[in-house]
Amino acid sequence: MNLPKLLICSSLIFSSLAWGVDVLEFNCKRTEKGYTEEYEMKLMLASGAQKAKLFLDGRDLDQSDMYGTQVVKSITLARPNILILIEANFQPEEIMGVSYPAGNVITNITLDPVTGKFKKVEKIQGGILGATIGNGTHTSEETCFPSKAPYRTK
């Protein structure tokens with residue numbers, strides 16, 4: 001990344017703390033095994049009675065249905081990083097005649113908006129993910145850069 005872009009990103013993120021920003025938006029890219037996916041990530045910080053929210057391509061990650069629950073537990077600005085904690089719990093299920101036990105995934109994300117480094121650490125236990133990916137800790141990296149200047153929703 002060139003110096004002017006680095007300075008602009010730095011000033012946007014660091015000034016966001018002084019402005020009392022509620023929303024941060026990023027363009028992200030994930031590459032794995034020759035496959036590349038680009039997506040938009042929107043972070044809404046907690047304020048008052050409103051809990052922190054995380055959206056990927058407009059989809060709210062706080063979800064609950066008969067198959068399980070996923071909750072964004074926290075989004076924390078910890079200079080220079082943004083820390084995100086997500087917890088998911090899945091009910092036992094049967095897919096194509098194969099039974100899978102209940103499972104859970106705890107995801108810790110560290111995002112440095114200046115460098116674009118997005119590190120995801122997932123702790124998987126049980127469920128279909130434990131059976132297919134494997135139980136334990138899985139780490140991956142992506143890139144995410146600010147797509148807009150931080151802003152307030154009010």
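Q: How do strand S11 and strand S12 pair, and over how many bridges?
A: Start with the general idea: strands of a sheet pair through backbone hydrogen bonds, either parallel or antiparallel. Here, strand S11 (residues 117-126) and strand S12 (residues 136-146) pair in the antiparallel sense, over eight bridges. Two strands count as paired if DSSP finds at least two bridges between them. The strands themselves are DSSP runs of E with at least two residues, numbered from the N terminus. For one spot to look at, find valine 121, which stands opposite threonine 139 in S12.

Q: What should I know about the model before I go on?
A: This is a predicted model, where local features need pLDDT of at least 70, side-chain atom pairs count only at pLDDT 80 or more, and totals for chains, interfaces and linings use all residues. Residues are numbered from 1 along each chain as its sequence is written, and side-chain values use heavy atoms, with hydrogens and water left out.

Q: What is the order of the strands in the open sheet?
A: Ten strands make up the open sheet, in the order S4-S3-S2-S1-S12-S11-S10-S7-S6-S5, with antiparallel pairing. At the edges you'll find strand S4 (59-60) and strand S5 (63-65), each of which pairs on one side only.

Q: Is lysine 53 buried or exposed?
A: The idea is to check relative accessible area: under 20% is buried, over 50% is exposed, and partly exposed is in between (1.4 Å probe, protein chains only). Lysine 53 has 15%, so this residue is buried. You'll find lysine 53 in strand S3 (residues 53-56).

Q: Which side chains make polar contacts with the side chain of lysine 53?
A: A polar contact is a pair of N or O atoms within 3.5 Å; within protein, one must be able to donate a hydrogen and the other to accept it, and residues adjacent in sequence count only if both atoms are side-chain atoms. The side chain of lysine 53 has such a contact of 2.6 Å with that of aspartate 60, and another of 3.2 Å with the side chain of aspartate 62.

Q: Where is the cis peptide bond?
A: Go from arginine 79 to proline 80: that peptide bond is cis, with omega near -5 degrees. Proline 80 is in the loop between strand S6 (68-78) and S7.

Terms used. Helix = DSSP H or I, 4+ residues; strand = E, 2+ residues; numbered from the N terminus.
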